[in-house]
Each structure stands twice: as C-alpha cells, then as structure tokens.
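Student: I've got this model open and would like to work through it with you. Let's go one question at a time.
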Amino acid sequence: MREMKDSGVTWIGTVPSDYRTASIGSLFTIKKDIIGREPETVLSITQTGIRPKDLSSNEGQNASSYAHYQIVNVGDFAMNHMDLLTGWIDISKYEGVTSPDYRVFTLNDKEMSADYFLRVFQYYYTNKVFFGFGQGVATLGRWRLPAINFKKIDVPVPPVLEQQRIVSAIDEKVGKVDALIANVQAQIEKLKDYKQSVITEVVTKGLDPAVPMKDSGIEWIGKIAETHTIFRLKYLLDSPMQYGANESGDKFIEDSVRYIRITDITADGKLKNDENNQYLPLDAADGYILKDKDVLFARSGGTVGKSFLYQEDYGTSAFAGYLIKAECDKSALLPEYLIYYSQSSLYELWKNMIFIQATIQNIGANKYSNMEIPVPSIDEQATIVEYLEGKCAQIDRLIAIKQAKIEKMEQYKRSLIYEYVTGKREIS
C-alpha cells in the first residue's frame, strides 16, 4: 500500500506522497490566434471529440465568414467553456479553426502527458468540478467558465513517468466498460425497434390476424387491414391545425401558465419538467391554451416530427410557435391512436419523404394536415390503444432496467477515472 497524503483540494482528496497539485494556469497557456482569412477546415467540439464541420450540410449554424475564428493546431486542447452543461473538451487531431468564443490552450511542459490531463479535464466535466467554478444562468442553459476561474482550478500532478501509465490503465479498464455499455445499448435499440414493429403491425393490420388485407393505394403504406380506411389527418380533426404563440417565455410569475416549447419535448415524446420550465402571461397565452388530449407536433429543430399528447394533469398550458396543435375529432380519431401512429415505421417513412423534398428539416401544418393515416373504427382504435398501452409498458420497463444498468456502469467509469488520476487506485 502506497503512502498517501491530503492534497488540500476537496475534489481531489488524498493522493500518493509523490504527487503534487498545481493550478491549470501554472501548467497551461491559453492561446488566441485569429486566422484572419477564410480557413480550409472549421472544427466543432462535440461530445464525441473534435471533428471537422461539414459546411455543406444544414447541421448547426454556419457563419458568413470564418476569418475571425481562432487557430487550432494538432495537439492543442480545445474546450467549449461557454456551456458547462453539455459542452466538452478534447485534444485536436486536426489543423483548423474553431469559434473565438471557445478556449484553446497548450501544455507548457512537453515532457508531461497531455493525454493524462485530458482524462482529468474530461472527468472535471462529467463530475461537475468545472461547473462549480462557472457563472451565468444555469436554468437558462448558460453556464460558462471564465478564464480567470479556469486558471486557478487545481489538478493532481503525478510524476511524469506515472502519467502515461495512468492513461494506459484508464484506457484498458474504461475500454472494457465501454464495450459492456455498447452491448447493453445495442439491446436497448433492439427493444426500441421491436416496440416500433409492434406498433406498426397493429396500426396497419389490427389485432385480428384473420382479417383480410387490402392494398392501401399508397405505395409507402402498402397493405392494410380490410377494416382500415385511409384518411388525410385534416379530415379527422375538429379544427384546422394551429401554430403556437410567437412569444418569449419567462420564469414563473402571477397570472401565468406553463409555456410548452419545442425544447420541452424529449425525443421519445415526453414532457420535461424541471427548473428550465418557461411561463407565459395569461393575456399573451390567450388563444393558445391547450385542451385535454390535444396533440402537438414539432415542426423544426432536433425534435422535428416528434409528437406529444397534452393531458390536463400537466396543468394549464400554452404552446409555442415551433409546435403545431392537432385537435382530434374524437368520434373519428382517438388522440392516443394518433400518438401511437406517430411512433410507427410508417410515420418514419412519411417524415423521411418530407425531408427529402425539403432543403431543411421542417414539417409545416399543411404537410401534417395532408398526412395519410390508416384508420379503423373508433371502437377498434380503443381496443388497439388498450393493447398497445400494455405491450409498450412491458417493453419500456425492460428498456428502463437496461438504462439503469448503463447509468451504473457510467458511474463506475467515473469512479475508475477519479481513482486512477488521483492515485487512489494503484496500477498493477
């Protein structure tokens, strides 16, 4: 057992007696070299690393000019310090430029291991060490790390020869955990695919396998149950589809209602409910108040095409402009049935056809209104909804169990990295 000592730094704890601690500012130099011309390569800092940005795609935002961007050399650290919630840090494998708002810096002592300090910094991101030195408005997703605070943060510094050994040990152990995580994630994806196939099967064929099938008359839909009829969505609604309010939300005030925005709807159609909730004054919300079982569709952004079923239990709410409301005629179309249809592979096919026809991923009210849907009788819809609620709940429970396993493995990964970089776990 090696001799340990108190590092004097709360988040580091004890370290081996031959370790020291040092401030980031004493070990690294921040760069700010503006290129001054149009670059060949623009780099993005993502959770999967630093990578060249495809300027020909519509992904993210493209600047009119990149001459004011800062140079990133191979081996430089680059960090999105403007967003400590979802930002990241990595060592660049590319020559290029990145936003002048980001932080580019280098290790002063080239004898030391840059890879070791990268593991420390990435741990500081995931375990919120950097977050504790940030400032801004976290509830609005703006929480940055000023340079003056960044420089004074302490890091553990093992002997130089020990640093690369730690990197190797972390990579070996974490690599095994990552392989396990990837395996469980693949199982989750299979369950999600199975769930979608169950939904697709039922909304096209119904629950009675003895019912004959017929040609829907629409190539991408194919055959449907003889009891189903194809309708355009607009003929199954009580009123024309409606865009939400073009207003800015704010924190809760008296005489306001919850303001549901496109960012409040998760990829699986759930409603977020946290400190980022926004509200709208009653006078601004007039005309946009949701009724029980209204269906919302996202028309643009990262969640375009996703659907959401509003329920009165959520409390009085209005909806924002990047959402479109569908109010079902419940004698012809159950809102729950429409939600399940939007989780089918038929709906995915329809969305992809819309995207191919458009220059950007956007689905407006007119396109949603003219979406074809195979619809059985209202009684059969109710039976299908009841069946799918039970079947999907079973699948969702299995997914939740596996997601919990992944979270435990992620926690184990974080503890492994912490123990190695601080010397609490000896390298065998």
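Student: How far is the sulfur of Cys 392 from the closest cysteine sulfur?
Tutor: The closest one belongs to Cys 328. A disulfide here is a pair of cysteine sulfur atoms within 2.5 Å. The gap at Cys 392 is too far for a bond, at 18 Å.

Student: Before we go on, what kind of model is this?
Tutor: Residues are numbered from 1 along each chain as its sequence is written, and side-chain values use heavy atoms, with hydrogens and water left out. Local features need pLDDT of at least 70, side-chain atom pairs count only at pLDDT 80 or more, and totals for chains, interfaces and linings use all residues; the model is predicted.

Student: Back to the sulfurs, then. How many disulfides does the structure hold?
Tutor: A disulfide is a covalent bond between the sulfur atoms of two cysteines. The count for this structure is zero. Cys 328, for one, is in no disulfide, and the nearest cysteine sulfur is 18 Å away in Cys 392.

Student: Are those two cysteines buried or exposed?
Tutor: Go by relative accessible area: under 20% is buried, over 50% is exposed and in between is partly exposed (1.4 Å probe, protein chains only). Cys 328 comes in at 1%. Cys 392 has 3%. So both count as buried.

Student: Which residues does Lys 195 touch, leaving out those up to four places away in sequence?
Tutor: First, where to look: Lys 195 sits in helix H4, residues 160–205. Helices (H or I, at least four residues) and strands (E, at least two) are DSSP runs, numbered from the N terminus. Lys 195 counts as buried, since its relative accessibility is 17%. With contact meaning heavy atoms within 4.5 Å, its partners are Gln 343, Cys 392, Ile 395 and Asp 396.

Student: Which residues lie nearest the centre of the largest pocket?
Tutor: A pocket is an open set of points on a 1 Å grid over the protein atoms alone where a 1.4 Å probe fits, with protein on both sides within 12 Å along at least five of seven lines; lining residues have an atom within 4 Å of a point. The largest one has 33 lining residues, and those nearest its centre are Lys 195, Asp 268, Gly 269, Lys 270 and Gln 343.

Student: Which element gives the largest share of that lining?
Tutor: The elements giving two or more residues to the lining of the largest pocket are H4, strand S22 (307–309), helix H6 (335–341), helix H7 (345–357) and helix H9 (378–421). The largest share is seven residues, and it comes from H9.

Student: How many charged residues are in the lining of the largest pocket?
Tutor: Asp, Glu, Lys and Arg count as charged; Ala, Val, Leu, Ile, Met, Phe, Trp, Tyr, Cys and Pro as nonpolar; the others, Gly among them, as polar. The lining has 12 nonpolar and eight polar residues, and the charged ones number 13.

Student: Which residue in S22 stands opposite Leu 296?
Tutor: Two strands pair if DSSP finds at least two bridges between them. Strand S21 (residues 295–298) and S22 have three, in the antiparallel sense. Opposite Leu 296 stands Phe 308.

Student: What is the phi of Asp 255?
Tutor: Most residues other than glycine have a negative phi. Asp 255 lies in the loop between S18 and strand S19 (256–260), and it counts as exposed at 58% relative accessibility. Though not a glycine, Asp 255 has a positive phi of about 60°.

Student: Which residue in S23 is the bridge partner of Arg 258?
Tutor: Five of the five residues of S19 are buried, so S19 is largely enclosed by the rest of the structure. S19 pairs with strand S20 (residues 278–281) in the antiparallel sense over four bridges. S19 and strand S23 (residues 317–319) run parallel, joined by three bridges. In S23, Arg 258 is partnered by Ser 317.
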